[in-house]
Amino acid sequence: MLSYLLRMAVKSLKRNPILSALIVCGIGLGIAVSTTFITTYHLMSSNPIPHKSDSLYYVEMDNWDPARGWNDDKPGAVPNQITYRDMIEIMKSNIPTHQGGSFKGSLYVYPPAQVARPFKVVARMCFSDFFALFDPPFQYGSIWPRSADKGPEQVIVLDYETNQKLFGGQDSVGKTVRVEDRDFVVAGVLKPWQPQPKYYDPHNGAFEKAEQIYLPFEFLRPWELHSAGNTSGWKNFGENFKEYLASEAVWIQMWVQLDSQKQKEAYRDFLNAYVNGQKKLGRMLRPTNNKLLPVMEWLKEEQVVPEEATSLMLISLLFLVVCALNLIGILLGKFLARAPEIGVRRALGASKRAIFLQHIFECEVVGILGGALGVLLSLLGLRAINTLFEINFRFHLDVKMVAAAAGLALVAGLIAGLYPAWRICSIQPAVYLKEQ
């Protein structure tokens with residue numbers, strides 16, 4: 001049956017190739033636009049670490065001004081980072097499987113003169129658990145031991161590109177890299193790793209590159225290193241670095257891994273007890289509102305997906321519907337031109353159902369051809385977006401989006417062909433038999 005319907009559809013399309021091509025191009029244009037913008041939305045809103053996103057939690061606590069909340073437009077909102085003093089205290093908990101605060105810093109690397117000139121890098125100041133939390137893949141070596149956090153020991157993890165630049169891509173574990181005024185021993189080298197979105201720290205751009213080097217957190221003290229990211233506060237930060245660390249400035253991203261509901265409840269109780277203790281000391285005087293946000297909820301709170309992306313996706317779907325509706329008239333004229341032939345077939349015993357299925361199948365063949373054309377055009381559209389907009393995120397079609405394009409093509413073919421197919425199968429055979 002399907003082979004017969006396919007032969008009939010191909011035969012019908014060949015009768016008027018120019019008109020058929022016009023219909024295919026109409027659906028193809030709608031599929032191209034919709035697939036392009038659905039893909040951008042899909043990739044921006046995708047789960048960056050699906051295998052453990054439900055066990056990673058971003059920690060928020062409200063240390064803000066008792067007289068005025070963090071966000072006037074959102075009464076329940078709390079600061080989206082925490083203070084250094086709070087991070088140090090809550091990391092004394094042994095409840096999480098892994099835990100750690102981190103922040104983005106800006107430092108200089110001094111390679112040997114024969115290798116390269118000194119250059120500035122973006123560093124992630126973190127604890128060894130950072131790598132256990134977010135699972136960046138290692139090409140050489142591994143993470144530094146937890147004991148190196150306490151020293152802190154002069155150890156470093158390089159990203160793939162920095163290792164290429166300093167050591168030509170060779171195994172550099174055990175070699176030294178000079179950062180600022182100190183020599184660090186390479187503990188590990190990452191494979192290419194660009195989590196998109198950059199969920200562990202989306203504050204300064206959810207689609208910016210990952211850091212180039214990773215260093216033990218406590219080196220911020222000898223360097224008196226401030227965050228290269230966002231820093232907020234409702235009180236004075238102090239006159240020196242020591243006072244800055246003890247201030248109410250929020251600039252650290254704190255993550256924990258809680259693998260069970262029991263762990264989560266215990267850790268929430270721990271945070272509540274900590275905040276109640278701080279209230280007795282005259283801090284955190286706002287209502288207790290500690291938050292443990294899983295990855296996807298955290299990204300939603302940070303509005304990682306721009307509103308423009310959502311709007312463009314909806315507009316593109318409406319554009320596809322308009323394209324399909326505009327093809328109704330063309331298909332109706334095409335089908336009605338064969339009305340005498342259909343009248344004879346009806347008189348010879350063909351059922352309405354058979355005629356309807358034949359023409360709907362033809363519309364779906366047109367839809368699939370338009371979908372194939374639309375996928376090709378969307379590849380060009382995504383390439384244009386990648387070229388025109390200087391972002392570190394590369395938009396591309398994946399299997400899900402190709403399947404979505406095929407589904408949209410079938411729906412568009414159905415929308416365009418449903419009424420014309422119904423009209424042609426509803427004609428009265430006697431009208432055309434009298435004309436013969």
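Q: Is the crossing of α13 and α14 right-handed or left-handed?

A: This is a predicted model. In it, α13 and α14 cross in a right-handed manner. Helix α13 covers residues 352-388 and helix α14 residues 399-425; their axes lie 7 Å apart, and the packing angle is about 150 degrees.

Q: Which residues make the contact of α13 with α14?

A: From α13 the contributors include K352, I355, F356, H359, I360 and C363. From α14 they include A405, A409, L410, G413, L414 and W422. Sorted by class, the contact comprises 15 nonpolar, five polar and two charged residues.

Q: How is a pair of aromatic rings described?

A: Two quantities are used, the distance of the centres and the angle of the planes. In this model the count comes to 31 aromatic pairs. In one of these, the ring centres of F131 and Y214 are 5.7 Å apart; the pair is edge-to-face because the planes stand at 65 degrees, and the cut-off for that class is over 60.

Q: Which parts does the pair of F131 and Y214 tie together?

A: F131 belongs to helix α4 (residues 129-134) and Y214 to strand β8 (residues 213-216), so the pair links parts that are 83 residues apart in sequence. F131 is buried, at a relative accessible area of 4%, and Y214 is buried as well, at 0%. F131 and Y214 also belong to one aromatic cluster, whose members include Y58, F130, W144, W193, Y200 and W298.

Q: What are the distance and the angle for the aromatic pair of F241 and Y244?

A: Their rings are 5.8 Å apart, centre to centre, with 35 degrees between the planes, and the pair is tilted. F241 and Y244 both lie in helix α8 (residues 241-245); they are separated by about one helical turn because they are three residues apart. F241 is buried, with a relative accessible area of 8%, and Y244 is buried with a value of 4%.

Q: Where does S53 lie, and is S53 buried or exposed?

A: S53 is found in the loop between α2 (17-44) and β1 (56-60). Its relative accessible area is 5%, so S53 is buried, given that the cut-off is under 20%.

Q: With which residues is S53 in contact, leaving aside its neighbours within four places in sequence?

A: On that basis, S53 is in contact with N47, P294 and V295. The side chains of S53 and N47 make a polar contact at 2.9 Å.

Conventions:
Residues numbered from 1 in each chain as written. Predicted model: local features only at pLDDT ≥ 70, side-chain atom pairs only at ≥ 80, totals over all residues. Heavy atoms only, no water. Axes fitted to C-alpha atoms, helices over the stretch in contact; angles between N-to-C directions. Helix = DSSP H or I, 4+ residues; strand = E, 2+ residues; numbered from the N terminus. Left-handed = near helix turned anticlockwise from the far one by under 90°. Contact = heavy atoms within 4.5 Å. Nonpolar A, V, L, I, M, F, W, Y, C, P; charged D, E, K, R; others polar. Buried < 20%, exposed > 50% of the residue type's maximum accessible area, 1.4 Å probe, protein only. Polar contact = N/O pair within 3.5 Å; in protein donor to acceptor, adjacent residues only side chain to side chain. Phe/Tyr/Trp six-rings, centres within 6.5 Å; stacked < 30°, edge-to-face > 60°.
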